[in-house]
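Please read the following briefing alongside the sequence and the model.

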Amino acid sequence: VLLFIYGAWHDKKTKEGFYDIPLIVASIVLAVAAQSVVNYSFPPAEEGKNALITLAYHAKKAILHPYELVRWLAAMSMAFGPALWLAINHYRKTNRYDNTRNLLLMYSGLYLAFGILAGGDMTRIIFLGFPFLATWIIFELQEINKSKLLLLGLLSLPLTFIWKTIPDPAWQWEAWESWYPEFASWENVLLVLGYCLVVTLVMKMKNIALISVLLLIALQACAQKSAITSVHIDSENKFGKLINGKPKRDSLLTLFNDHDSKIAQGRFAVDNENNLSEIMSGQWTYFYDNGNIKSKGEYKIAQYIECGIVPFYTFYPYKTGKWQFYTEKGEFDFELNFISKTHHVDTSCEGGADISFGIIENIPLYKLHTLGADYFYELQKIFLEDEYTRTTMTPLNGRVYVTLTMKK
């Protein structure tokens, strides 16, 4: 449709008849017909919003939350680096009518617009326009002299380093989110956008010596990006100051299974933005399907550092103190004491971290024979679940192994 509108306008403006308008109209009709046949033959399992409603929804979101526009600009910077801003600046300075240039700019602009209007994962959507955007950038920058083009490549290296060390979302979801402008903290967003804009300004300078000095400073900062001493650590006070493993605020909830039977009751930590987390805190009670108490005990919250663009804290609960276990008839059965021990966990930071984790040291011998070692091993694990992921923390031989799986 966009090509039809532009083609009709171009042919009318230039009188050269470059575009075969009937052929373009026929292709639109064929595409709509094919889409209709597919939708009719293979209806979706879940009805969703159509494309126009989705675009309108995200446009409204951007208007109501202007900071989304800043995230969008940062996502553009993360996807194509300072070269994109140089290309935009070059087009602004050398604006002229050129059919090839117009086509590349039209489709590049379309994918940049999709970044904010087509969904939440801006960087990925913008990068889907690579064939158009990369070609348009090359088209615009072909007039730049080789020394500046080389300098542009060197100044883009820090962003290349960032992508090289990006965490795997299957195992480190929060670390992964911190690298993407659409999910990251404000500090990270402004860092990416600010760097690309500064590079664009540097490239416009005439003093090559000054540019070289700034390049060395940028590369030196990049080389030290993993250092976390004396820098801000994001989310450090996410739950307020933890006192004896307890957050500043929490909320009491009762959990039910699919059959509306109560399975657990306890408190979840509430963060500083009044969001309910998946982190258990304080006293918890678990129930059998018949409503009788199955077990009860206490959770404490601890934290360790992960390394994103800006280091941040990951929070987790662990069992502590005496836990009581009951039979299905509601009678007391046995008691276990979870003792906080130091364990090592691998993180996105070099060397990992040493953390506290609740371990069972003494098991009643008669229960070990009847229930088996695997039963007590499973009791030490911690299971967390949010909207997108399930996380399992497993202690073994002085280490804690974190396994994260994506929900279907």
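**A buried loop glutamine**

Leaving aside residues up to four places away in sequence, Gln380 touches Phe338, Phe357, Gly358, Ile359, Ile360 and Pro395, where a contact means heavy atoms within 4.5 Å. The structure is a predicted model, in which local features need pLDDT of at least 70 and side-chain atom pairs count only at pLDDT 80 or more, whereas totals for chains, interfaces and linings use all residues. Residues are numbered from 1 along each chain as its sequence is written, and side-chain values use heavy atoms, with hydrogens and water left out.

- Gln380 is placed in the loop between α14 and β8; helices (H or I, at least four residues) and strands (E, at least two) are DSSP runs, numbered from the N terminus.
- With a relative accessible area of 12%, Gln380 is buried, a class that means under 20% relative accessible area, with exposed over 50% and partly exposed in between (1.4 Å probe, protein chains only).
- The Gln380 side chain reaches the backbone nitrogen of Ile360 at 2.9 Å, and a polar contact is a pair of N or O atoms within 3.5 Å, of which, within protein, one must be able to donate a hydrogen and the other to accept it, while residues adjacent in sequence count only if both atoms are side-chain atoms.

**Overall make-up**

- The protein chain has 14 helices and 10 strands, and buried residues make up 39% of its 408 residues.
- Of the contacts in the protein chain with a separation of 6 or more, 55% are between residues 24 or more positions apart.

**Nonpolar cores**

- The largest nonpolar core has 35 residues, and those with the most contacts inside it are Tyr316, Leu336, Ile355, Phe357, Leu379 and Met393; such a core is a set of buried Ala, Val, Leu, Ile, Met, Phe, Trp, Tyr and Cys residues joined through side-chain atoms within 4.5 Å.
- Two or more residues of this core come from each of β2 (262–270), β3 (276–287), β4 (293–306), β5 (312–326), β6 (332–345), β7 (353–360), α14 (373–379) and β8 (382–385), and β5 provides the largest share, six residues.
- Ile355 touches Tyr304, Tyr316, Lys341, Thr342, His343, Val345, Met393 and Val400, again not counting residues up to four places away in sequence.
- A second, separate core of 34 residues includes Trp72, Ala79, Leu152 and Leu159.
- In soluble globular proteins, nonpolar side chains tend to be buried together.

**Helix packing around α4**

- Helix α4 (residues 67–93) packs against helix α11 (residues 186–203) at an angle of about 40°, with their axes 9 Å apart; axes are lines fitted to C-alpha atoms, for helices over the stretch in contact, and angles run from 0 to 180 degrees between N-to-C directions.
- α4 and α11 are therefore oblique to each other, given that angles under 35 degrees count as roughly parallel, over 145 as roughly antiparallel, 65 to 115 as roughly perpendicular and the rest as oblique.
- The crossing of α4 and α11 is left-handed, a term used if the near helix is turned anticlockwise from the far one by less than a right angle, with right-handed used if clockwise.
- Among the residues that meet here are Tyr67, Arg71, Met78 and Trp85 in α4, and Trp186, Leu190, Cys196 and Met203 in α11.
- α4 also packs with helix α7 (residues 130–141), at an angle of about 55° and with the axes 9 Å apart, which makes α4 oblique to α7.
- This crossing of α4 and α7 is left-handed as well, and the residues that meet include Phe80, Leu84, His90 and Tyr91 in α4, and Phe130, Trp136, Ile137 and Leu141 in α7.

**Other loop residues**

- Asn274, in the loop between β2 and β3, has a positive phi of about 70° although it is not a glycine, and Asn274 counts as exposed at 53% relative accessibility.
- Asn397, in the loop between β9 (389–396) and β10 (399–406), likewise has a positive phi, near 50°, in a residue other than glycine, and Asn397 is exposed with a relative accessible area of 75%.
- Pro247 is found in the loop between α12 (208–223) and β1 (250–256), where Pro247 counts as buried at 10% relative accessibility and touches Phe239, Leu242, Ala269, Ser281 and Ile301, not counting residues up to four places away in sequence.
- Asn257 lies in the loop between β1 and β2, and the side chain of Asn257 reaches the backbone nitrogen of Ser261 at 2.9 Å.
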